[in-house]
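Please look over the model below before reading on. My notes follow it as numbered points.

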Amino acid sequence: MLNDEICKLRDKLNKSIEQGDDYSVTYQLSVELDELIAKYYESLKNSKKKLIMTNS
């Protein structure tokens with residue numbers, strides 16, 4: 001699920017920062033993490049819409 005992917009990518013990003021990886025690598029991981037988080041919130045929003053529609 002998205003939660004697992006977010007956690008794995010967050011850990012990868014943190015390791016990249018700790019190891020002093022090249023900025024471009026760290027930046028790319030950060031962008032990917034932002035995209036996953038956005039997808040996660042979008043899926044929550046859609047789930048709530050479906051729940052409201054079902055209960056109406």
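1. **Basis.** This is a predicted model, so to speak of local features pLDDT must be at least 70, and side-chain atom pairs count only at pLDDT 80 or more, while totals for chains, interfaces and linings use all residues. Residues are numbered from 1 along each chain as its sequence is written, and side-chain values use heavy atoms, with hydrogens and water left out.

2. **Helix H1.** Helix H1 covers 2-19. Helices here are DSSP runs (H or I, at least four residues), numbered from the N terminus. H1 has 18 residues and spans 25 Å from first C-alpha to last, close to the expected 26 Å. The expected span is 1.5 Å times one less than the number of residues. Gly20 follows H1 and has a positive phi, near 70°.

3. Which residues of H1 are buried? They are Ile6, Leu9, Leu13 and Ser16. Seen down the axis of H1, its buried residues fall within an arc of 90°, so they line one face of the helix. The arc is taken from the directions from the helix axis to the C-beta atoms. Buried means under 20% relative accessible area, exposed means over 50%, and partly exposed lies in between (1.4 Å probe, protein chains only). The face of H1 turned away from the buried side carries the exposed residues Lys8, Glu18 and Gln19.

4. **Helix H2.** Helix H2 covers 23-55. H2 has 33 residues and reaches 48 Å from first C-alpha to last, close to the 48 Å expected. Its buried residues include Thr26, Leu29, Leu33 and Leu36. For a sense of distance along the chain, take Gln28 and Ser47: they are 19 residues apart, and their C-alpha atoms are separated by 29 Å. Gln28 lies in H2 and is partly exposed, at 41% relative accessible area.

5. **How the helices meet.** The buried residues of H1 pack against H2. The buried residues of H2 pack against H1. Packing is judged by contact, meaning heavy atoms within 4.5 Å.

6. **The core.** The largest nonpolar core has 6 residues: Ile6, Leu9, Leu13, Leu29, Leu33 and Leu36. H1 and H2 are the elements that give two or more residues to this core. Such a core is a set of buried Ala, Val, Leu, Ile, Met, Phe, Trp, Tyr and Cys residues joined through side-chain atoms within 4.5 Å. In soluble globular proteins, nonpolar side chains tend to be buried together.

7. **Ile6 and Leu29.** Ile6 touches Leu33, Leu36, Ile37 and Tyr40, not counting residues up to four places away in sequence. Leu29 lies in H2 and is buried, at 7% relative accessible area. Leu29 and Leu9 are 20 residues apart along the chain, yet their C-alpha atoms are separated by 7.2 Å.

8. Is Ser16 buried or exposed? Ser16 counts as buried because its relative accessibility is 2%. Ser16 belongs to H1, and Thr26 to H2. Thr26 is buried too, at 15% relative accessible area. Their side chains make a polar contact of 2.7 Å. A polar contact is a pair of N or O atoms within 3.5 Å; within protein, one must be able to donate a hydrogen and the other to accept it, and residues adjacent in sequence count only if both atoms are side-chain atoms.

9. **Neighbours of that pair.** Leaving aside neighbours within four places in sequence, Ser16 is in contact with Asp21, Val25, Thr26 and Leu29. Thr26, not counting residues up to four places away, touches Leu13, Ser16, Ile17 and Asp21.

10. **Aromatic rings.** The whole structure has 2 aromatic pairs. One of them is Tyr40 with Tyr41, edge-to-face, at 5.5 Å centre to centre and 75° between the planes. Rings of Phe, Tyr and Trp (its six-membered ring) pair if their centres lie within 6.5 Å; planes under 30 degrees apart count as stacked, over 60 as edge-to-face and the rest as tilted. Tyr40 is partly exposed, at 24% relative accessible area. Tyr41 counts as exposed, at 54%.
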